[in-house]
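The following note collects several points for a colleague who is examining the model. Each point is meant to be read beside the sequence and the coordinates.

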Amino acid sequence: MQRNSPPGSADIGALERKAIQLRRHMLTMARGQGQGYIGQGLGIADVLAALYFHELRYDPHNLAWADRDRFLLSTGHYSIALWAALAEAGIIPVEELATYGADNSRLEMSTLDTTPGVEVIGGSLGHGLGQGVGQAMGLRIDKSEARVFVELSDGEMQEGSTWEAAMSASHFKLDGLVALVDCNGIQADGPVVLDMEPVADKWRAFGWQTSEIDGNDMKAVVGALADARERNGKPKAIVLRTLPGKGVPRIETAEKSHFFRIDVAQWDGIIAEFEKTVGASQ
Amino acid sequence: MSGTATEAGRTLAMGQDEAVRGGRQSVEAPFGKALTRLGHSRPDIVGLTADLGKYTDILPFRDAFPDRFFNVGMAEQNLVAVAAGLARTGKVPFATTYGVFATRRAYDFVAIALAHSNLNVKIVAGLPGLTTGYGGTHQAIEDLALMRMIPGLTIIDPCDATEIEAATKAIAERHGPVYMRLLRGSVPVVFEAGYRFEIGKARKLRGGSDVGIISTGFMTERALDAADALRKKGISAGVLHVPTIKPFDTEAVAAFAAGVSHIVTTENHVVVGGLASLVVETLFDAGIAKKVSRIGLPDRYIECGAVPTLQAKYGLTSEAVIAAIIALA
């Protein structure tokens, strides 16, 4: 069972290495599939590493544990990142990652809750936060200390249901609910098509305790998660500024693309570039 | 408001009750009472509404169990999403709103957040069919058709207070997502106390050899009155009550239809996609070739007005059922 560690005890270097490992898995999966939402996955890798290897309380051998912390991936198409995290966490076999997107694989391009470790069906955007509100209510009725973390995206904030959920979370004082708002600046039609700024002010106006950080800075991510532990009557929002394709310069600098598709041959070059970048940073 | 059923009247305010027809006994808020009774022995039951607690009879539950009741405001997508989340923590949410909002507005949430995961949520939907004079915005005339398309969703259209109480208990005891139409306020008692409701089962209430009326929801009350009146005129009309729209009791419908010469369907719903369509599909699949007359709402939006006026105009009365059957002869 993973347990919350006190904020000061986080081994930032170890978490950064986990994030690198998640990115390595994702690149291998994308190469196998030839395509995928790799930009989003690489962008959220640091947050998933901080959650699964530091912040969340869960038992990989007892996924139904009633007092587990929940992580809800509302953007189902970020599945590539979730599969990498679940494999590293020991919830699904690492070898299974090679089946990403293949017929009959449990590791779909968009998440279904039939795969172990998936708490909610993501992908119909605007569904996640409200379900997180309901789970936080249920845990409160049960007097459980467990918390609910919901990842959602900047584009997803355009769905009105996101704000229906945001209103209800603060009204019902669900202080064990944490929204992780991934602002990577892209959506299906390209760069964000409807300006959502100022994002943090919107969450504050809806009654959420809000912080805004560089979502690719592990120390900042760990610190913001620690600040969000306080049970003070307010739901917490962490606005994460992330870089799509983080860690792979060729994807970072590519035209901002919702769906990344390149020739199989080029994946080897991309992975070599990633390993070179990783080597230089360590 | 007097009980002058078919005379021109005025649109009533939200929550005002029409007079109970035909001098029948009635029960106030049978759903709210039944849910509250269940709440005492079932701590997993949670009440939810979207600013329509007063108009969906759920406030007795709130008063009895304030810690297990949430009013999420006018936000039906969130109502369903929150219910889904509660169900994932082992609760059994009963979520109330009007049928129009549970279906047209929250459809994606019912289909994906609830039904796709077979979550144990009960949606209880007020103002089914033509039970309000507020026009197309409030009249859920096509809700059964819409909800039928959702895999795994159980759909109930109860007839009276007795059945609402029994169905509330039955759906709480059966795991899975449910859409139940609600009759609220003063709800007539049509069935005796011994009436047995079973999810997925039709009930033959009257035998008959000339015509077989297959009916759901409150139209069964009209159908029974029509059958009684027709008997006095020498016409033998049977009545099969089908309170569960999904899963549909095809066996009972086929057996009932086999024993009569002509079938009449009656429903508080458009005649497209609801009971009439189900009966026709069932008979076709069973190889039964018999005439089916469909009584129900037309495929159009209904205007505002007094409910008795509108029900008379659109054929949701025992008089309309009688007239349709006499015309067959």
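1. What handedness does the β-α-β unit made by strand 7, helix 7 and strand 8 of chain A have? In this predicted model, the unit formed by strand 7, helix 7 (residues 218-227) and strand 8 of chain A is right-handed. The two strands, residues 209-214 for strand 7 and residues 236-241 for strand 8 of chain A, pair in the parallel sense, and the pairing extends over six bridges. Within this arrangement, Ile213(A) is found opposite Leu240(A) of strand 8 of chain A.

2. On the overall fold, chain A contains nine helices and nine strands. The radius of gyration of chain A is 18 Å, which agrees with the value near 19 Å that a compact globule of 282 residues would have. The C-alpha trace of chain A spans about 55 × 40 × 40 Å along its principal axes. Of the 282 residues in chain A, 51% are buried.

3. Ser74(A) deserves a separate paragraph. The residue is located in the loop that connects strand 2 (70-73) with helix 3 (79-88) of chain A. Is Ser74(A) buried or exposed? Ser74(A) counts as buried because it has 30 C-beta neighbours inside 10 Å, and the cut-off for that class is 20 or more.

4. Which residues does Ser74(A) contact, once its neighbours within four places in sequence are left aside? The partners are Gly122(A), Leu125(A), His127(A), Gly128(A), Leu129(A), Val150(A), Glu151(A), Leu152(A) and Glu156(A).

5. The contact between the chains involves 21 residues of chain A and 24 residues of chain B. On the side of chain A that touches chain B, helix 4 (128-141) and helix 5 (160-171) of chain A each contribute at least two residues. Helix 4 of chain A provides the largest share of that side, namely ten residues. Sorted by class, the side of chain A that touches chain B comprises eight nonpolar, ten polar and three charged residues.

Notes: Residues numbered from 1 in each chain as written. Chains lettered and ligands numbered in written order. Predicted model: local features only at pLDDT ≥ 70, side-chain atom pairs only at ≥ 80, totals over all residues. Contact = placed C-beta atoms within 7 Å. Helix = DSSP H or I, 4+ residues; strand = E, 2+ residues; numbered from the N terminus. Nonpolar A, V, L, I, M, F, W, Y, C, P; charged D, E, K, R; others polar. Buried ≥ 20, exposed ≤ 12 C-beta atoms within 10 Å, placed from the backbone. Pairing = 2+ DSSP bridges. Right-handed = clockwise from strand over helix to strand, strands pointing away. Rg over C-alpha atoms; globule rule 2.2 N^0.38 Å.
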